[in-house]
Amino acid sequence: MNRSFFSNVVRPNLPLRKPSSSPAGFSATLPPQRQHSMPVARALRSAPGSFGEGPINSTVKREKFALLGSGPPSLTVNFCNYCGQQGIFCCKRCKKVFYCSAACQTEDWKAHRHVCKFVDPEAVKGKPKETSAVPATGDKSSLGGLKHGDSCSLQRVYFKDLHVTKIIKGTDIQATVVEFYSPSRFFLLPQSPEVLEALRSINTELQKTYSSFSVATYVPCVGEICAVQFSCDMNWYRGLVQTLAPDQKTANILYIDFGNEENVPVDRIRGLTANIKPVCPCAMECCIIGVVPVVGNWSGECCIAVRQLLAGKIVTVRLVETVDGRIHAVDILLSMGKELSAFLLEHGYAVKEPVNTTPTKQDINAMVNASLENFKCLSDGKDDNTWAQPPEPLTQAVGDKVSVVVTHFQSPDELIVQKVDNAGVIQDLQLKLREHCSQVAAPQNFRPAPGTVCCAQFSEDKQWYRATVLAYSSKERVCVGYLDFGNSKEVALDHLRPISTSLLALPMQAMPCGLAGVQPVGESWSEECLLALQRRVSNRILHIEIQGAHEAKALVTMIDEASDPQANIAELLISAGYAAPCPVTTNNESAAIAEAQVCEPLVWSYTELPCNGQTVALLASVVENPGAFYCRIDSPAEHQRLKELGAQLKQHCEADASPFEPKVGEPCCALLSDDGAWYRAMVKGLSDDQVAVNFVDYGYSLTVEKGHLRSITPQLLTLPFQAVCCWLAGVEPLGSEWSSEAVLWFQTQVDGEHLSARVLSLTEQGYGVELQSRGVNVTATLISEQLAKVPEETAKENHGETCSATKQIEKKNEQGHSCTQVSNQTEVIFKEMPPEGQTAVATEVPSFPVEWKTVELPLSDTFQPYFAGIISPSLFYLLGPTQVDQQKLQGVVVELAAYCSNSQATLSSAVKSRPAPGAACCAQFSADNNWYRAVILEVDENEVSVLYADYGNSEKVPLSRILPIPACLLQLPFQIIRCTLAGKEHFPAEWPQEVQQMFQTVLISGVLATVQYFDGSASVLSLVLPAEKGGGNITEMILEALHAQTKRNPCTTPTQKTDEGGSSTTISTAAAPDSSKSKPIPENQKGPIGTETLDPTAEHLEQKEDISAASVSGLQTSSCCCQSLKAKIDELEVLMKLQLSLMKMLAGQKK
């Protein structure tokens, strides 16, 4: 079982324990402060990698500094690491742990030695000193902690001291990619006058300041922003110190205004002076949203491909969100019209990033079942510990006031505290646990069941604690929750011990709490808020008063009495802008509010359009196809009313967090996760924790989580639902459904346009309307473009102007066989996302794809193949052994004719790149001027050799008679089958002309084929001559000819061009191998069948002459005079071998 299956349910987390001995996260950018706390039963320690307790070096938003805190020294509480009493002596070696006496230190050394690390006193002395300021009463600016030194002196500036980049989520900007490492890390320079002017100003000031700046060698800190002299031009730029060498002589620098990195000697680094403004980095560090590499890291091929697309170009960048405060998650619109994330997914470079969503009940049940399976599989005959149930929690009542320390922190809503008065009790419990576990050996048959209590060893301090088994993440590992501290962790089974009855007598010391009277400003608590609050409450004795209870936790006011003046934590959050006030709502009050809201009945109405022939202005919001789309009345008054409604919905939903049970067919309020706004919705379906809703003011439907729904009031239903369901009157699709071309054309006509509509009919499907867009009648234009028909016309009349072959196919369908239209239904798109955002239309772009669908031949079958086209031994085509479904093929031909007749004028002139051999296309047959599916065999200057993929014959056509083919016309597999010769790992990228001619001659003379395997793109065949012709293996003959060719002319490189797939452009005049054995074409299968047949004997003789001519030509053009005699002998040798092979084949045929 995957260990990460608990990530959303019982995620292991560290307790607030041990100071930041190994700084991680944000604390890595700050000089560590030696500030420790020892066990009031380990109550006051902070987790490694937590936000840290170092000095605050930030000057950002002074009104938030009080929350970060920098009170008098008495705020720091240090306790003995062994007994829990106040500790005044620290460990001389690591300077991180305190003791009350030498006796306690000696007793604790057995455990402490595993984490004790030597601290260099010189490094401590070299750290910057900063002064503190005590906040003044009642002043917002007093929320500050540490301030910088004198403005004339050097100061250490860290990344957090810089101004924050101001971005608006969802907006598009123009930017240049200045440095690209991978799709997960690259740097953009916004092309805005403000940024470019700031960059110029900073660089000018840096050169002016440091051109004559001399100071003793400056040793920077990791995470510091410095002035750095770039090695290429020796100019000064701002740089972030990412790492510092152990000898402190070099540092790895990131130039924050340009995105490049280099290693720089320390003597070319200076501290920033006060006159350098702390503007935000000009280069934005970014990553592509929503994608991750397929395996591990991004491949080199991916990085090269993306770098070529972006390098040196000004691109359109959509800002989606900011990660970790400084990295921006974005997407980039490429010049080809698609987003970079889509490009990475389509080319197999990336997969979609898994979304960390709240698990549904079904997910949780699956996790619990998996955990139980892991537990039960090895539990037979073992001690399941079912007798050891969790002790009772501490009792508390509304109005109780106690002093506490925070032992675990997740958010203002989720805090775990311990009572300071119980410090002695917890200390005694810890000593008893240590003694108990030292006497109990690790039992081999101990496998505690989920929900039971045992002793668990914490990996960081090797101490034992009471813990409950939460779940089994695997057969040998469990996730445990520490009962007295609130954190959880995954441990091995051998780190568990049975617990005694006496150790369960003490109630759980962890008290779950939440701050009363506050709620997040947005949908959730911001990262900055969590960081600030973590620092404020860690390692402090706080006083709480219980105001109420909600969801098994106490709602409390929390006061820091040690600060001057005393600080209410909730009020600090509100004044700093991190939280908004809210009433304290207990469980009983929530039920009363919900009951009061149900009393008043809900009544709603829909917007109606005039049916008296009056014209009305509409704005499309959702377009599925001409037969189903949603509109809103387009008037300033309606837009204003909808905007006011949005403000009312936001106010209502943020104030009402009570549980809501949706019912099908009733309205509610729904949160749209894309923009974080609330909208009116109608419940359409229920499934576990997912609810299908229709946003009634815009028309689109989505599935949302039940937790993202709120009840709605009658006042919010006074405005009629704005979305009106419509259909285009007077038209119907050409086939059974609307084609993708018709849908795309219709979407283009109505998207973002002011529409003029007149109602012609009203049905259960909505309003049948006549539309005008930009003065053009949409119905008439849709019909004239041959994308629709009037309801009275037949399919035969609709295709009356198509080519003759298409008419014959339709004639055969009159007896009840309807044409099967192979098309992909264009996905429903949101033309207007509320309130004003728009989503781009996802269109299907026709192309010349090389990887088209081919039939797989049965493995190990031996048969006589019918060759349709030969490019090289690496790529040739067989005519399929089975007949294609005629009805499906007829449907494809009908749609192909309609597509090509509508697209020929636009696409033929727009195609600038030449298709590669092996690519699929649409080709116009010269005999009847009809369009058919085809495969490119050879590309010349003005014409193309094509193989008609459903019939097997070939011809040369002008470039103007081929078109790219859409994916919807490739769903039905071709009748030809793509193949390659076995042994391709030894084949060259470019094939010599003589070897290709030999291969073609051998195949046409007749061979037997055996299917080896399918390599994902083509069937790999082993070809041999029949027994009567000698039974030779074709692969061996080809490799022998290649070896002779290489030996003959080792210095020259082939001039033959290859296609993108590495195959040669040489082709055969594709036809059946023998006129007497050619695969017959049924009479009812009309297609581009030519009248030419191939005489195998004549073909052999012609190719024989061609080989001789090619050999002589090769001798005449040899540029190496000194080796001419040797070359002649080698060529004659090859020629004789080829002629002998041909003579044997001819002799076999005569027999």
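Close-up 1. Helices (H or I, at least four residues) and strands (E, at least two) are DSSP runs, numbered from the N terminus. Within α2 (residues 102-112), the residues C104, D108, A111 and H112 are buried, that is, under 20% relative accessible area, whereas exposed means over 50% and partly exposed in between (1.4 Å probe, protein chains only). These buried residues fall within an arc of 70° when seen down the axis of α2, so they line one face of the helix; the arc is that of the directions from the helix axis to the C-beta atoms. A102, A103, T106 and K110, on the other side of α2, are exposed. Residues are numbered from 1 along each chain as its sequence is written, and side-chain values use heavy atoms, with hydrogens and water left out. Because the model is predicted, local features need pLDDT of at least 70 and side-chain atom pairs count only at pLDDT 80 or more, while totals for chains, interfaces and linings use all residues.

**Close-up 2. An open antiparallel sheet.** Five strands form an open sheet in the order β49-β48-β47-β46-β50, with antiparallel pairing, two strands being paired if DSSP finds at least two bridges between them. At the edges lie β49 (954-958) and β50 (962-963), each of which pairs on one side only. Strand β46 (residues 920-924) runs antiparallel to β47 and is joined to it by five bridges, and C922 stands opposite R933 in β47.

**Close-up 3. Aromatic pairs.** The count of aromatic pairs comes to 27, where rings of Phe, Tyr and Trp (its six-membered ring) pair if their centres lie within 6.5 Å, planes under 30 degrees apart counting as stacked, over 60 as edge-to-face and the rest as tilted. Y932 and Y948 form an edge-to-face pair, at 6.2 Å centre to centre and with 85° between the planes. This pair links Y932 in strand β47 (residues 931-939) with Y948 in strand β48 (residues 943-948), 16 residues apart. Y932 counts as buried at 2% relative accessibility, and Y948 counts as buried at 0%. Elsewhere, ring pairs link F230, Y237, Y255 and F258 into a cluster.

**Close-up 4. Arginines over rings.** The charged end of R978 sits over the ring of W852, 4.1 Å from its centre, the criterion being NZ of Lys or CZ of Arg within 6 Å of the ring centre and within 35 degrees of the ring normal. R185 lies over the face of Y181, at 4.6 Å from the ring centre.
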